[in-house]
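Please read this briefing alongside the sequence and the model shown below.

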Amino acid sequence: HELDRINRGGTKTKAGQVWPDWHQELKKFRNPSNLEATFQLICTIIPYCLLWYLMVRSILLGHLLSTVILAILAAAFLVRLFILFHDCVHNSFFMSKRGNTFFGHLLGVLVFTSFEDWRFTHLRHHGTYANLDSRGFGDIWTMTLNEYQKSSSMKQLRYRLYRNPIVMVGLGALFNFLLYNRIPDLRVKRKERMSVVLTNLLILAVALAAAEIIGWRAYLLIQLPVLWLAGCAGIWLFYVQHQFEGVYWARKNEWQPLRAAMEGSSFYCLPTLLRWFSGSIGYHHIHHLDPLIPCYHLKKCYDSVLELQAKSPLTLVSSLKCYRLKLWDEDLREMVAFP
């Protein structure tokens, strides 16, 4: 009801959608800063590289426990690197498109994700999320209760396995970043396909160079755990951003972008340290309201625009309940557990 109150009135766009007057205030936070972006990169990449060096030293000295502790910290920095990569995809990190493209490709190698291919699916995700008739672009596989009940036993089993946290988060981390991201989306064009090939070749070159310097054993003992831990955290972050109690879904003829942003995206209120490592992506309702706002301006935007604060926060503890949400019930208009 509070969201309904603050969203009344506003300006109608050419598409016939009405945006509240306060939405215009978000544009003030769009302007990226090359200085700020460079600082964000430096304070993320340098510690990440330093942690790699320390992990190599710990493996050579046989201190595997130290390696595990360092890998957890390195994974947190890798999550942050992915958020910076994500901003480059939106052309919101640096002031110039050229800068975003260059560093997008560079960071894509570190996070095992092709810049152009992921850009294709992710930008479409922004135009189709919470739309029941446009699922399938960079989102979590979500069935309606009616679709699930009408599905074959085999498809129901596949869906149950997919939505199992161990499969989705645990196995999905390595599957997505080691295998799935190595193949271009079937719907992309030559530019995106070549981006995948280039990323794969660069990843291979880095792996061969690292193996030559530190050996395959050390490289795999570091890269695989770090990538797995970061992947688990990243998938969980993405999951709770659009799969939570009170989330909004609608059919195409009823779908409203304002409601999709404010109600179809969560406000994941994380502790300060975790917010930093996640690049403030927890302010996901703001990101979907205006994807051109860089991650380093999201909190400022939230603190300045009071209407954004009407969004109920999803805390670290309360987010754990989200794992039981499996299906969208179109009659109840809410996410429900399996029957």
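## Cavities and their linings

By class, the lining of the second largest cavity comprises six nonpolar, no polar and two charged residues, where Ala, Val, Leu, Ile, Met, Phe, Trp, Tyr, Cys and Pro count as nonpolar, Asp, Glu, Lys and Arg as charged, and the others, Gly among them, as polar. The model is predicted, so local features need pLDDT of at least 70 and side-chain atom pairs count only at pLDDT 80 or more, while totals for chains, interfaces and linings use all residues. Residues are numbered from 1 along each chain as its sequence is written, and side-chain values use heavy atoms, with hydrogens and water left out.

**Search**
- Two cavities of 30 Å³ or more are found in a search of the whole structure; a cavity is a set of points on a 1 Å grid over the protein atoms alone where a 1.4 Å probe fits but cannot get out, and lining residues have an atom within 4 Å of a point.
- Grid points are joined across faces, edges and corners, and a volume is the space filled by probe spheres set on the points.

**Second largest cavity**
- This cavity has a volume of about 50 Å³, and its lining is formed by Arg163, Pro165, Met168, Val169, Trp236, Tyr239, Tyr323 and Lys326.
- The helix α8 (165-179) and α10 each supply at least two lining residues, and α8 gives the most, with three; helices are DSSP runs (H or I, at least four residues), numbered from the N terminus.

**Largest cavity**
- The largest cavity, with a volume of about 110 Å³, is lined by 17 residues, of which Tyr129, Ala130, Asp139, His242 and Trp249 lie nearest its centre.
- The elements giving two or more residues to that lining are α5 (115-128) and α10 (216-242).
- Its lining has seven nonpolar, eight polar and two charged residues.

Definitions and conventions. 1 Å grid on protein atoms, 1.4 Å probe; cavity = no way out; pocket = protein on both sides within 12 Å on 5 of 7 lines; lining within 4 Å.
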